[in-house]
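Trainee: I have a structure open and would like to go through it with you. Can we take it piece by piece?

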Amino acid sequence: MQFSSALLENAVNEFARLPGIGKKTALRLVLHLLKQETADVQHFGEIISKMRSEIKFCHRCANVADGDICSICANSMRKQEVICVVENIRDVIAIESTQQFNGTYHVLGGVISPLDGIGPDQLKIESLINRVQKDQVQEIIFALSPTIQGDTTIFYIQKKIQPHTIRITTISRGIAFGGELEYADEMTLARSLQNRLPVESYVANSH
Amino acid sequence: MFHFENLTLVQFKNYASATFSLNERIIGICGNNGVGKTNLLDALHYLCFTKSYFTRDTSNIRQGNQGFRIEGHVNLFDEKEKVACILRETGKKEFLLKDEPYTRFSKHIGRYPCVMIAPDDIQLIIGIPDERRKFIDTILSQLSSEYLQNLIIYTKILQQRNSCLRSITETNNRDFSLLDVLDEQLMIPGSYIFEKRKIFMVGFLPLAKQLYEDIARQPENISLFYNSELMDLSYPELLKMNRAKDLVAMRTTGGVHRDDLELNFNNLPFKQVASQGQRKSLLFALKLAEMEILKNEKKFTPVLMLDDVFEKLDEERIGNLLERVCLLNDGQVFITDTNAIRLEEKLIKLKRPYQMINLNND
C-alpha cells in the first residue's frame with residue numbers, strides 16, 4: 001500500500017496490529033476518522049488511552065474495575081459467599097449477560113497447561129485460595145472450558161481447597177439449548193446421559 | 001455392501017488429474033516402477049482414514065503444485081456416498097462426506113474399514129513396539145470411536161504430564177500437586193485403553209496364530225502375547241513406582257504407550273530367528289486377522305489393498321494368498337504388481353470377474 005502521508009501510514013499500521021483487523025480494514029477505519037471533526041477524534045483517542053492508563057484490576061477477583069474493587073465485588077446485593085471461577089474477563093461478561101448469576105467472580109487469567117508454559121503460579125489461584133480461607137465462602141462454581149486443561153485446572157484447585165468444607169460445583173456439560181440430538185457428538189451425548197436430570201427440576205428450570 | 005465405485009485425483013502425488021472407475025470387486029493395478037500404483041492405493045486410504053498410510057500430507061502434493069484433491073464415490077449398503085479430501089494451498093485439510101465438511105476428522109474413522117498390506121509393513125514384525133501398538137490402535141479405533149477418543153485424550157494428557165515433569169525437574173520445584181492431578185487424569189483413559197486392548201487380544205491372538213498356521217501349512221511353534229506392565233500393576237501403582245524415574249527422564253516411562261505385542265518363534269523373538277518368508281507369513285496372518293475382526297464386528301467386509309505383495313513369495317504361497325483374499329473373502333480387493341502378465345495370469349486363474357488398470361503410458 002502506498003501512502004502520500006507518513007501520518008496516515010502510521011495510523012493504518014497501528015490499527016492493523018489489532019486482532020482481526022487487516023490492512024484494508026485499518027485503512028477504512030483511519031479514513032473514516034479523517035472525515036470526523038478534529039475534536040471528535042481527539043475525544044476518541046483520549047477515551048482509548050484513558051481506558052488503558054486508568055483501568056484497574058479488582059484486588060479480590062482480578063476482574064476489570066474502575067477502583068481497587070470492581071463493581072461486582074463492591075455490590076452488597078450480590079452473594080459474596082458464592083464465587084464463580086472463570087478463565088478471563090470475556091467469560092465474566094458472558095455470564096453477566098445471562099442475568100442468572102448473583103454471586104461474585106474470580107478471574108484466573110487462563111488455564112493450567114504445562115505444554116504452553118502455564119503452571120499454577122502463572123494464574124490467580126493463590127488469591128482464590130486466600131479468598132476461600134478468609135471470606136465465608138460457601139460455594140465455588142467452576143465455569144471453565146470443557147477441555148483437558150480446564151479439567152486439570154478444576155482438579156488442581158479442588159485439591160487445594162478440599163480441606164475447607166465448601167460446595168464445589170461445575171457448570172453442566174451436555175446438549176446445547178435448541179440443539180438437535182442427532183448433531184450432538186457422541187461424547188457430549190454420552191455425558192449428557194450420565195449426568196441426566198430429574199424432569200421436575202428440568203421443567204422448573206426452563207420456565 | 002462396501003466398495004469404491006470411482007476415484008478422482010487432482011495434483012495428488014504423480015497425478016495431475018485422473019479419474020478411475022472401479023467396476024469390479026477384484027481390481028488389479030499394474031505398471032512400471034514410479035507410475036503411481038501405490039499412490040492410487042494411498043488415495044483410497046485417505047478416503048478411509050483421512051490421512052496417508054505412508055507420509056505427511058504435504059509430501060503428497062504433486063511437484064510444482066499447491067494443494068491436492070481426492071474424491072471418490074462409495075457404495076455402502078447400496079447407498080451412494082461422495083467423499084472428498086482436500087488439502088488447500090494454505091496447508092489446511094478439509095474432509096467432506098456427502099459435501100458436508102467434518103469438524104472432527106476422527107469421526108470419520110471406522111466408517112470405511114480398510115486393510116492395507118504394503119512392503120514396508122514388515123516393520124510390524126521386525127520393527128519397534130510403536131509399529132505394533134499403532135497396528136492394534138488402528139483396528140480398535142475402527143471398531144470404536146470411544147476408543148479413539150480415549151487414545152486422543154490419553155496422548156494429550158501424556159504431553160501435558162511430560163511438560164510438567166520437565167518443568168519440575170528443570171526448576172527443581174518439589175511441588176508435586178499438579179503432577180498428582182495429571183496422574184489421576186491420565187489413569188482414566190489409560191485404564192480404559194488397557195482394558196479394551198486386553199479384551200481385544202483374547203480374540204485376536206488365537207485368530208492370528210491360526211491364520212499363520214494356515215499360511216505356513218505346517219505346525220510351527222509360534223506364540224503371540226500382549227505385553228503390558230499393567231498386567232501386574234494397577235495404573236496408580238505403576239505411576240507411583242515410576243515417579244522418581246519419570247522425573248529424571250522428564251517423560252512418562254510407564255503406561256499403555258509402552259505396551260507391545262510380543263511375537264515369538266520357538267520361545268525366541270520372532271525377528272531374530274524367523275526367515276524372510278516366515279516373517280512375511282506372520283505379517284499376512286496379522287493383517288488377515290485384522291480383516292476377520294473388522295468384518296465380524298462391522299458386519300460387512302473391509303476393503304483390502306495389497307501393495308506389491310508377490311515379491312519374495314513362491315508360486316504356491318501366492319496362489320494360496322490370492323485364493324484366501326479373493327475367493328474366501330467377499331469384499332473389494334486391490335492388488336498391485338509391476339508385472340502385468342503375471343498379475344493377469346493369476347487373476348484369470350481365480351475364474352472371477354476382475355478389472356485391470358494398466359498405468360503404463362503405452
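**Salt bridges, cores and surface**

Mentor: Glu81(B) is buried, at 4% relative accessibility. Keep in mind that this is a predicted model.

Trainee: Which side chain does Glu81(B) meet in a salt bridge?

Mentor: Lys98(B), with 3.9 Å from N to O. Glu81(B) lies in strand β5 (residues 79-87) of chain B, while Lys98(B) is in the loop between β6 and β7 (100-101), and the two are 17 residues apart.

Trainee: Which residue forms a salt bridge with Asp57(B)?

Mentor: Lys93(B) does, and the closest N and O atoms are 3.1 Å apart.

Trainee: Why does Lys93(B) count as buried?

Mentor: Because its relative accessible area is 15%, and buried means under 20%.

Trainee: Where does Asp259(B) sit, and what is its partner?

Mentor: Asp259(B) is in the loop between α6 (235-249) and β10 (260-265) of chain B, and its partner Arg197(B) is in helix α5, 62 residues apart. Their side chains meet in a salt bridge of 2.9 Å, N to O. Asp259(B) is buried at 2% relative accessibility, and Arg197(B) is buried with a relative accessible area of 4%.

Trainee: Which residues are joined into one network by salt bridges that share partners?

Mentor: Arg161(B), Asp180(B), Asp183(B), Arg243(B) and Asp246(B).

Trainee: Switching to the nonpolar side. Which residues touch the most other members of the largest core?

Mentor: That core has 95 residues, and the ones touching the most other members are Ile140(A), Phe204(B), Phe270(B), Leu282(B), Val325(B) and Ile335(B). Helix α5 (residues 177-216) of chain B gives the most to this core, with 18 residues.

Trainee: What is Val325(B) in contact with, leaving aside neighbours within four places in sequence?

Mentor: Leu288(B), Leu304(B), Leu306(B) and Val333(B).

Trainee: Now chain A. What domains is it divided into?

Mentor: Chain A has domain 1 (6-54) and domain 2 (76-206). The centres of these two domains of chain A, taken over C-alpha atoms, are separated by 37 Å.

Trainee: Which residues form the nonpolar patch on the surface?

Mentor: Phe44(A), Ile47(A), Ile48(A) and Met51(A), with about 370 Å² of accessible area together. Phe44(A) is in helix α3 (residues 38-54) of chain A, and at 38% relative accessibility Phe44(A) counts as partly exposed.

Trainee: Last one, Asp185(A). Where is it found?

Mentor: In the loop between β6 (167-170) and α8 (186-194) of chain A. Asp185(A) is buried, with a relative accessible area of 13%.

Trainee: What does Asp185(A) contact, apart from neighbours within four places in sequence?

Mentor: Arg104(B) and Lys107(B). As for distance within chain A, the C-alpha atoms of Asp185(A) and Ile175(A) are separated by 9.1 Å, with the two residues ten apart along the chain.

Key
Residues are numbered from 1 along each chain as its sequence is written. Chains are lettered from A and ligands numbered from 1 in the order in which they are written. This is a predicted model: local features need pLDDT of at least 70, side-chain atom pairs count only at pLDDT 80 or more; totals for chains, interfaces and linings use all residues. Side-chain values use heavy atoms; hydrogens and water are left out. A nonpolar core is a set of buried Ala, Val, Leu, Ile, Met, Phe, Trp, Tyr and Cys residues joined through side-chain atoms within 4.5 Å. Buried means under 20% relative accessible area, exposed over 50%, partly exposed in between (1.4 Å probe, protein chains only). Helices (H or I, at least four residues) and strands (E, at least two) are DSSP runs, numbered from the N terminus. Contact means heavy atoms within 4.5 Å. Domain bounds come from an automatic or database domain assignment. A salt bridge is a side-chain nitrogen of Lys or Arg within 4 Å of a carboxyl oxygen of Asp or Glu. Patches are made of residues with over 30% relative accessible area and no salt bridge: like charges are joined within 9 Å, nonpolar side chains (Val, Leu, Ile, Met, Phe, Trp, Tyr) within 5 Å. Accessible areas come from the Shrake-Rupley method with a 1.4 Å probe; for residues, only the protein chains shown count as cover.
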